Each structure stands twice: as C-alpha cells, then as structure tokens.
Amino acid sequence: MTEFVDLWVYLSSTPLFGLTATLVTYVIAHALYERLDRNPLANPVLWSVIAIGVVLWLTRTPYPTYFAGAQFVHVMLGPAVVALAWPLYQRARELRRRGVALIGAALLGGAAAGGSAVAMAWALGLPAEVAISLAPKSVTAPVAMGIAERLGGVPALAAVFAVLTGLVGALSARYLFSALRVSNWSVRGFAIGTASHGIGAARALQVHPDAGAYAGLAMGLQAVLASVLIPLIARLW
Amino acid sequence: MNALRGLALLLVFQAGGEALTHALALPFPGPVVGLMLLLGALRWQWVREPVSQVADFLLAHLSLLFVPVGVGVIVHWQLIAQHGMALAVVIAASTWIGMATAALALRALLRNGDTDD
C-alpha cells in the first residue's frame with residue numbers, strides 16, 4: 001500500500017500526470033458523447049472538467065501541479081485563435097457580401113451579452129472585479145483573459161466565466177432556437193459563435209457544417225471586435 | 001510534414017502578433033493580431049496549404065483545449081460558491097440574451113440584404 005501511495009505521489013507530481021489526465025479524460029468523455037448521440041447535456045468539456053476536478057479534489061492534488069502538465073494542451077489555444085483565420089478566409093466571399101449584416105449582428109449580440117452581464121452583476125451586488133471579468137464572457141477564453149487583464153479584472157475568472165458561458169450556450173442553444181423559431185443553420189451557427197465562442201462553435205461543428213462554419217466565423221469576429229471595443233468603451237466610461 | 005509546417009507557421013504568426021502588440025502597445029491580444037496577419041497571408045499558396053491542414057485538425061478538437069482552464073474553476077471555488085446563485089443567473093441569462101439578439105438581428109439584417117435563404 002505504501003508503495004502504491006509513493007508511486008502515486010511520484011506520478012502525480014510530474015507534468016506527465018496533468019497531460020495524460022486531460023487527454024485520457026477528454027477521449028473518454030468524447031466517446032460517451034458520441035455514444036449518447038451528441039446530446040448537449042453530455043458535453044465533453046463539461047464532464048471532463050467535472051471528472052478531473054473531482055479527481056484533483058479527492059487526491060488533494062493542487063491545481064498548479066495539474067496545470068504543469070495540462071499547460072501543454074492549454075498553450076495550443078493561442079495557435080487555435082490564429083488558426084481561426086482559415087475558416088474566415090474560406091468564407092471571405094460571403095463575409096464581403098453579407099459583411100454589414102454579419103458585423104451588425106456580431107456587434108449587437110456581443111454588446112447584448114457583455115452589457116447585460118455587467119448590468120446584472122452590478123444590480124445583484126457582485127464585487128467590481130467580478131463584474132469587470134464578466135464583460136468579455138462571450139469571447140474565446142484566451143482572448144477574454146487578455147481583455148480582462150487590460151480592464152483590471154481577474155484573467156483566471158474571465159477564463160472560467162468564458163468556459164461556463166460556452167457550456168450554457170452549447171447546452172441550451174437548440175432549445176432557445178426552437179423557441180425563437182430560428183431554423184436557418186447559418187443564423188443558428190452565427191448566433192452560437194457570437195454568444196458562446198469556441199465551445200459553442202465546437203458544438204455547432206458537430207451538428208451541421210454550415211452552422212459550424214458560421215460559428216467559427218462569428219467567434220473570430222467576436223474576438224477581434226471585443227478586443228478593440230471593450231477596452232475602448234471601458235476607457236470612455 | 002505539411003501539418004508540422006502549418007503548426008510552425010501558426011506559431012510564427014502568433015509570435016509576430018505578440019511582438020506587434022507589445023511594440024506598438026496595441027489594444028488587442030497577440031493571437032488576434034496573429035489571426036489578422038495570417039488572414040492577409042493566406043492568399044499565398046505556400047501559407048495556405050500547410051495552415052489549412054493543421055487548422056482543420058486544431059479547430060475540430062477545439063473543445064479539448066478549454067479543459068485545463070475549465071478545471072481552474074476549483075481554484076476560485078470559494079468565490080464561485082459564495083456568489084453561486086447570482087453568477088449562475090448572470091451567466092445563463094446574459095448568454096441567452098446575447099444569442100437571441102445575434103440570431104434575431106442577423107435574420108432581420110439578412111432579410112433586408114440578400115434573398116437567397
């Protein structure tokens with residue numbers, strides 16, 4: 001038994017643990033998601049986070065120890081944001097043709113999401129740094145962290161809020177769109193990418209190719225627009 | 001080999017974006033500047049070929065990349081538990097408000113513009 005504990009202590013303190021745990025958990029969560037016909041409630045990010053969180057809590061492994069390994073997955077978020085140029089480039093013609101409508105909808109949707117979040121946080125009496133960290137919640141996590149940092153919020157909180165926002169969108173978009181009777185795949189995809197960035201886009205990609213492409217486009221637009229406009233609006237405030 | 005070359009290009013564009021943001025004190029995060037630089041460079045075949053391969057792979061597995069940050073929830077567990085109810089309401093409601101606004105706005109704006117769908 002002590003040998004086992006020693007082995008566990010050794011393994012869980014090397015970066016190998018965090019990296020292996022992240023990939024293995026996600027692969028299993030994704031297989032279950034496929035098995036359950038991609039039901040939004042079986043979202044693989046949600047269940048991977050819960051499973052790893054519970055393991056860390058039970059084994060009393062500190063988050064930095066886990067992150068020492070998981071950072072090798074995390075750093076790929078940067079190149080993934082850059083890679084969004086590819087779906088944007090592929091849709092450049094549509095973007096030019098429908099540019100005004102798309103940018104208009106991205107601005108209105110982003111402003112409605114961020115603005116309502118900050119207003120409600122303020123009305124409910126949440127601390128100021130929490131309210132500020134909510135402003136970029138519709139933007140993909142790595143960009144949201146950068147924006148929150150510039151505004152004087154907490155980058156880690158902004159990332160958590162962005163992930164939770166993504167999950168809410170991925171889990172509930174289907175029901176919201178049928179309630180609103182929005183059936184066009186491009187419109188659905190664009191709206192989910194605007195309000196819940198990469199996690200929403202990942203969901204859209206799995207549901208319909210048009211929805212996926214427009215979600216990727218919306219997420220890229222939101223990243224660019226929000227990182228210019230949110231700090232600007234904050235400065236004018 | 002092409003995929004590796006693509007990954008190298010993505011990193012070069014990200015680094016270029018980070019460098020520009022710092023040098024010119026731009027208000028954008030570095031990767032966003034990298035995205036805009038790459039968008040301009042994709043017109044060249046030697047950039048487009050390798051980048052398209054790695055971009056399709058990365059974006060197909062995008063949700064995996066959010067797991068490490070997501071687990072970070074446990075670090076802020078106290079704050080989140082303390083304001084749990086309020087945060088849940090704010091996050092869920094604002095997401096629905098944003099998504100509904102974007103969907104209805106785009107549908108209305110497209111109806112005025114083109115008529116092909």
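In the predicted model, helix α11 (residues 155–180) and helix α12 (residues 185–207) of chain A pack at an angle of about 130°, with their axes 7 Å apart. Axes are lines fitted to C-alpha atoms, for helices over the stretch in contact, and angles run from 0 to 180 degrees between N-to-C directions. The angle therefore makes α11(A) oblique to α12(A); angles under 35 degrees count as roughly parallel, over 145 as roughly antiparallel, 65 to 115 as roughly perpendicular and the rest as oblique. Helices (H or I, at least four residues) and strands (E, at least two) are DSSP runs, numbered from the N terminus. The model is predicted, with local features requiring pLDDT of at least 70 and side-chain atom pairs pLDDT 80 or more, while totals for chains, interfaces and linings use all residues. Residues are numbered from 1 along each chain as its sequence is written, and chains are lettered from A and ligands numbered from 1 in the order in which they are written.

The crossing of α11(A) and α12(A) is left-handed, that is, the near helix is turned anticlockwise from the far one by less than a right angle; clockwise counts as right-handed. Residues of α11(A) in this contact include Gly166(A), Gly169(A) and Phe177(A), and those of α12(A) include Arg188(A), Gly198(A) and Arg203(A). Two residues are in contact if their C-beta atoms, placed from the backbone, lie within 7 Å.

Helix α8 (residues 99–123) of chain A also packs with α12(A), at an angle of about 40° and with the axes 9 Å apart. This pair is therefore oblique as well, and the crossing of α8(A) and α12(A) is right-handed. The contact involves Leu102(A), Ala105(A), Ala106(A), Gly109(A), Gly110(A) and Ala113(A) of α8(A), which meet Phe190(A), Ala191(A), Thr194(A) and Ala195(A) of α12(A).

Between the chains, 92 residues of chain A are in contact with 63 residues of chain B. On the chain A side, α11(A) gives the most, with 15 residues.

Chain B has 6 helices and 0 strands. Its radius of gyration, taken over C-alpha atoms, is 20 Å, whereas a compact globule of 117 residues would have a value near 13 Å; the globule rule is 2.2 Å times the number of residues to the power 0.38. The C-alpha trace of chain B spans about 50 × 50 × 30 Å along its principal axes.
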